[in-house]
Amino acid sequence: MNNTRVFKMSFAGVYPHYIHKVEKKGRTKEELDTVVFWLTGYNTQSLQHVIDQKTDLETFFAEAPQINPNVSKITGVICGYRVEDIEDKLMQQIRYMDKLVDELAKGKAMEKILRQ
């Protein structure tokens, strides 16, 4: 499977869709940011820089300050694939983010989303 197109999508391009998805279900942008910060180690300032620079997803994850060591606890199906079985590391990280956003939109408790 050629994932180049997905990898070259800018984070700034997908982020508004994430915001819309969670807000439509009664969650907030702040909660979304908390999830993104937990996964990647970015903070408000560094995330805004990524958005302003229109950083692609490949670079977004490559330059992430710290991928959370508990990502292996993220399991389940997203887009028809089990996230824990995805072999391409970058695609797995992208799907981890998708999975967390889905859990947030579905109303899951923040403690469970952040694997605490």
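Q: Which residue does E58 meet in a salt bridge, side chain to side chain?
A: Keep in mind that this is a predicted model. Side chains of opposite charge can pair when their charged atoms come close. Here the N to O distance is 2.9 Å, and a salt bridge needs the two atoms within 4 Å. The partner of E58 is K8.

Q: Is E58 buried, partly exposed or exposed?
A: Buried means under 20% relative accessible area and exposed means over 50%, with partly exposed in between. E58 comes out at 34% relative accessibility, so E58 counts as partly exposed.

Q: What is the N to O distance in the salt bridge of D56 and K8, and which parts of the chain does the pair tie together?
A: The side chains of D56 and K8 meet in a salt bridge with N to O at 3.9 Å. D56 lies in the loop between helix 4 (44-52) and helix 5 (57-62), and K8 in the loop between helix 1 (4-7) and helix 2 (11-24), so the pair ties together parts that are 48 residues apart in sequence. In short, the distance is 3.9 Å, and the parts are the helix 4 to helix 5 loop and the helix 1 to helix 2 loop.

Q: Is D56 buried or exposed?
A: The cut-off for buried is under 20%. D56 has 17% relative accessibility, so D56 counts as buried.

Q: Which residues are linked in a network of salt bridges?
A: K8 meets D56 in a salt bridge. K8 also meets E58 in a salt bridge. The linked residues are K8, D56 and E58.

Q: What is the angle between the planes of F11 and F60?
A: A pair of aromatic rings is described by the distance of the centres and the angle of the planes. F11 and F60 are 4.3 Å apart, centre to centre. Planes under 30 degrees apart count as stacked, and this pair is stacked, with an angle of 5°.

Q: Why does the pair of F11 and F60 tie together separate parts of the sequence, and how many residues apart are they?
A: F11 lies in helix 2, whereas F60 lies in helix 5. Pairing them therefore ties together parts whose separation in sequence is 49 residues.

Methods:
Residues numbered from 1 in each chain as written. Predicted model: local features only at pLDDT ≥ 70, side-chain atom pairs only at ≥ 80, totals over all residues. Heavy atoms only, no water. Helix = DSSP H or I, 4+ residues; strand = E, 2+ residues; numbered from the N terminus. Buried < 20%, exposed > 50% of the residue type's maximum accessible area, 1.4 Å probe, protein only. Phe/Tyr/Trp six-rings, centres within 6.5 Å; stacked < 30°, edge-to-face > 60°.
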